[in-house]
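Colleague: Could you take me through the aromatic residues of this protein, please?

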Amino acid sequence: MKRRSLVAVLAAGSLVLAACGDDDDAADEPSEDTTADTEAEEEPAEETTETTMAEEDMDDMEEEPTETTMAEDDMDESTETTMAEGDDMETPEGWPESIVLTLTPSQEAGGLVETAEPLAVALEEALGIDVEAIVPSDYAGVIVALQSGQAQIAGGLGPAQMVQAADTAGADLILQAVRFGDSQYVTQWFTNDPDTYCATDVVQITDEEDGTIMSFCNGVDEAEGPSDGPIGSDQLPNVAGQTISFVDQGSTSGYLIPSLALIEAGVDPLDDITSLFAGGHDSSVQAVYDGDAAVGVSFNDARGQLVETVPDVGEKVVVFGWSAPIPNDGFAVAGDLPDDLKTAITDALVAYSSSEDGAVVMDELYEIDGLVPVPEGSYDIIRDLETELSDLLG
């Protein structure tokens, strides 16, 4: 049953599969830094949920988008506070009076809504129409909102979500995130049991600015960027029989890429392990820190998102592996918007991410350093991944 469900999801280009987040996974899966010793990234957790990938997941995909995590009162208030200077602007012919910005919940949703509000305000001011920010409770809800016309801009879309946005929701992929000068990232494998998963001594690297300590083994500390992956794959057979903390069934770096790696290591991700879906990249790290799982995955390096609340997370949670490179997360717009509005949205997002205030917000949202146009064929590797997973799972 579990295998049939996953295969069906993949074959359908499922809305469930996706940031960096994270993901990347904005949201993918969001996201991720590109060097082991400069990392700091993605999300507190929603309530952790064990799942067996039941068929109900597919049913959920057909339902209305999940309720947003922004209370109605908050929405009303935010609308009032985000009335744009553009109220005095004349709306171009064919443009809607208002649009909705939906964001992938790569981290704790309530905080994400609050953080996204300045971005909604900036878009309103640039476009001269109302912009409402919402955050569905899961990755699939973002694509459903885009597909159903309930949202016109989607951000923090993990690589698999970008594919779904284009192939399932008919959206245009407009921008790709850049972090640490790179438009790629990796899945990182981490553990609270280095004796089992580290073939080398644990190396601790101290950040010169804030004194944060991060622990690595198997040579991950020597990696200079995503292209140095995969690393530590020979340790993956050891996870058989263990509980593994994943991010979300729709997360590229937090589930799809790790699942393929497990299959290639001879471990069935459906039958040979117990899966724990933490709901966010930071939550996946937290689960391993708390001992709820021996091994976890996230984008690199999601441990940085917990340092403020869990200062010793980098000492107790050891990164022992990296995946091969994954294209970063990005933004998409509804395909039926007027072309000049799509261009205006693209320009507004780029300008905002380049501004002083915008850089702070984009960093808080998805640790984005910049936005660039999506290269032709950037996400074809994700389409190939889904095909490969479907073939392997039979």
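Modeller: Rings of Phe, Tyr and Trp (its six-membered ring) count as a pair if their centres lie within 6.5 Å, with planes under 30 degrees apart called stacked, over 60 edge-to-face and the rest tilted. This is a predicted model, in which local features need pLDDT of at least 70 and side-chain atom pairs count only at pLDDT 80 or more, whereas totals for chains, interfaces and linings use all residues. Residues are numbered from 1 along each chain as its sequence is written, and side-chain values use heavy atoms, with hydrogens and water left out.

Colleague: How many aromatic pairs does the structure hold?

Modeller: By that ring-centre criterion of 6.5 Å, the number of aromatic pairs in the structure is five.

Colleague: How many residues apart are Trp-189 and Phe-320?

Modeller: These two rings form a tilted pair, 6.5 Å centre to centre with 50° between the planes. Strands here are DSSP runs (E, at least two residues) and helices likewise (H or I, at least four), numbered from the N terminus. Trp-189 belongs to strand β7 and Phe-320 to strand β13, so the pair links distant parts of the chain, its members lying apart by 131 residues.

Colleague: Is Phe-320 buried or exposed?

Modeller: Buried means under 20% relative accessible area, exposed over 50%, and partly exposed in between (1.4 Å probe, protein chains only). Because the relative accessible area of Phe-320 is 0%, this residue is classed as buried.

Colleague: Which residue lies over the face of Phe-216?

Modeller: A charge sits over a ring if NZ of Lys or CZ of Arg is within 6 Å of the ring centre and within 35 degrees of the ring normal. At 4.8 Å from the ring centre of Phe-216, the residue over its face is Arg-303.
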